[in-house]
Amino acid sequence: MSAALSLLLLPFAAAVVFVLIHAYLGIHVLRRNIVFADLALAQLSALGATIAFANGYSPTSPAGFGYALLATAAGAALLTLTRGLARHVSQEAFVGIVYVVATAATILVVDRSPQGAEHVKRILLGNILTVGPAEVAQVTALYASIGVLHWLVRRPLLAVSSEAQPAVRNGLAIWIWDFLFFLTLGVVVASSVTTAGVLLVFSFLIVPAVVGSIFSGNVRVVLAIAWCVGILASAVGLAGSYVLDLPTGAAMVTAFAFALVLAGAAKALIFAAAAQRRANLRVAARTMMALALMFTLASSIWLMVNPTADQPLAAAVEEATGLGLKRFLSASERDTYESATRDMARFQGEVDQLNARERTARHQGAPLPDDEIRRIASYQQSFNEMARGERFVQEVLRGKARARERWIVGLPAALLALLGLGLLSRPYWRHRSGRRDVRTPRPGIA
């Protein structure tokens, strides 16, 4: 536990700082109805960092930050100019164009750079685990100053963000406040992309603000909810990445997505009025049943058409019920299948032990010597090859069993799924029939 806390404490502190500033700016972005402005600025920041990388500078160096800031400042100016064109074309269209062009330019630059693919991966997902105390202190001071600035000018900024035609009537003033907002947003994005990555920065900015907006229209309440949700989702994502040994950025983005789904479900099923809540529960139940039946129908047809392919639903049912493929295999085939299963589990266990040994040494700050790492890699390759051979045996026998069960299991499942979908759709057709009867005049009535 102490090792986990020592590893995750600084990343969590950085995530909290990111959430505090990004969630506030995200409220402005939502009020302006330009949700992807952050993504466009983040991609422009990534373009600047990529240009710095191609010129031999680290994206986290002062020069790398300068390139990223210059690119985002140009993007801020472009986004400011789009308000004047919003009367003719949606601002989102221009934001999308900026994002696409920035992405294409990034690919063109990175194509000529050594280790370009690794750089793109880092820019997209970041590596928040490597953040140091100095970086946390720097971004805290930077974001605090931006927060103070926004607090001092909060009234005109909120007025400009409130609608397409804001209460501020002076056109030049609107452009100045717009540019100030986009420039500060660009500074925040440029300073966070190299640490957190484009995807996680977008999640910090949009998801907490959306969750807060689901439950309230008051800016203060939205901000409080957004901060709580963002901090909790960050903690869950970091903990999940450590426990499951997953990429940290992707795990945190997934945690933010789960938070949004849970918030939507809570709003519809818990915080709605009683009558609306009952109606939502009925709709949710019918939707889940319909999705399950459609998935069953598609899986059954897939089993009958191509039995040797992957069958995820059949595999899940067999795992849950214990009614495995053995019923459709001969005695000798069952023995071979069970032997391959045992051997593959043993080989996979050996690989997991080696991975755990190397990961534990890395987390404790005492990396293994190069010779030991090469020896572990050689063992891993050998065990993986043996496990792959046993997996091939399993796949061959699984294909034989599926070919034998496709009509015994697949056809009845498909018919039952069709029957269930027909029963679920009866109220819909009854409702349509009633509406048709109402529209059709009866004979003898003028």
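How many aromatic pairs does a search of the whole structure find? The search turns up 4 aromatic pairs. Keep in mind as you read that this is a predicted model.

**Aromatic rings**

One of these pairs joins Phe-204 and Phe-256 in an edge-to-face arrangement, with 5.5 Å centre to centre and 90 degrees between the planes. Phe-204 belongs to helix 9 (residues 198-215) and Phe-256 to helix 11, so the pair ties together parts that are 52 residues apart in sequence. Both Phe-204 and Phe-256 are buried. Ring pairs also place these two in a cluster with Phe-18 and Tyr-143.

**The chain as a whole**

Let's step back to the overall fold. The protein chain has 15 helices and 0 strands. It has 446 residues, and 36% of them count as buried. Its accessible surface comes to about 24,900 Å², with 66% of that belonging to carbon and sulfur atoms. If you take the contacts between residues at least 6 apart in sequence, 78% join residues at least 24 apart.

**Nonpolar cores**

The largest nonpolar core holds 61 residues, and the members that touch the most others are Leu-25, Phe-182, Leu-185 and Phe-204. Helix 1 (residues 2-32) gives the most to this core, with 11 residues. A second, separate core has 5 residues, including Phe-328, Leu-329, Tyr-337 and Ala-401.

Phe-182 is worth a look in your viewer. Leaving aside residues up to four places away in sequence, Phe-182 touches Arg-32, Ile-34, Ala-37, Leu-41, Ala-76, Leu-79 and Thr-80.

Leu-418 lies in helix 15, which covers residues 370-439. Together with Trp-407, Leu-411 and Leu-415, Leu-418 makes a nonpolar surface patch of about 420 Å².

Where does Asp-245 sit? Asp-245 is found in the loop between helix 10 (219-244) and helix 11 (248-269). Its backbone deserves a check too: phi of Asp-245 is near 55 degrees, a positive value in a residue other than glycine.

Conventions:
Residues numbered from 1 in each chain as written. Predicted model: local features only at pLDDT ≥ 70, side-chain atom pairs only at ≥ 80, totals over all residues. Heavy atoms only, no water. Patch = residues over 30% accessible without salt bridge, like charges linked within 9 Å, V, L, I, M, F, W, Y side chains within 5 Å. Areas by Shrake-Rupley, 256 points an atom, 1.4 Å probe, with all protein chains shown as cover. Salt bridge = Lys/Arg side-chain N within 4 Å of Asp/Glu carboxyl O. Helix = DSSP H or I, 4+ residues; strand = E, 2+ residues; numbered from the N terminus. Buried < 20%, exposed > 50% of the residue type's maximum accessible area, 1.4 Å probe, protein only. Contact = heavy atoms within 4.5 Å. Core = buried A, V, L, I, M, F, W, Y, C linked by side-chain atoms within 4.5 Å. Phe/Tyr/Trp six-rings, centres within 6.5 Å; stacked < 30°, edge-to-face > 60°.
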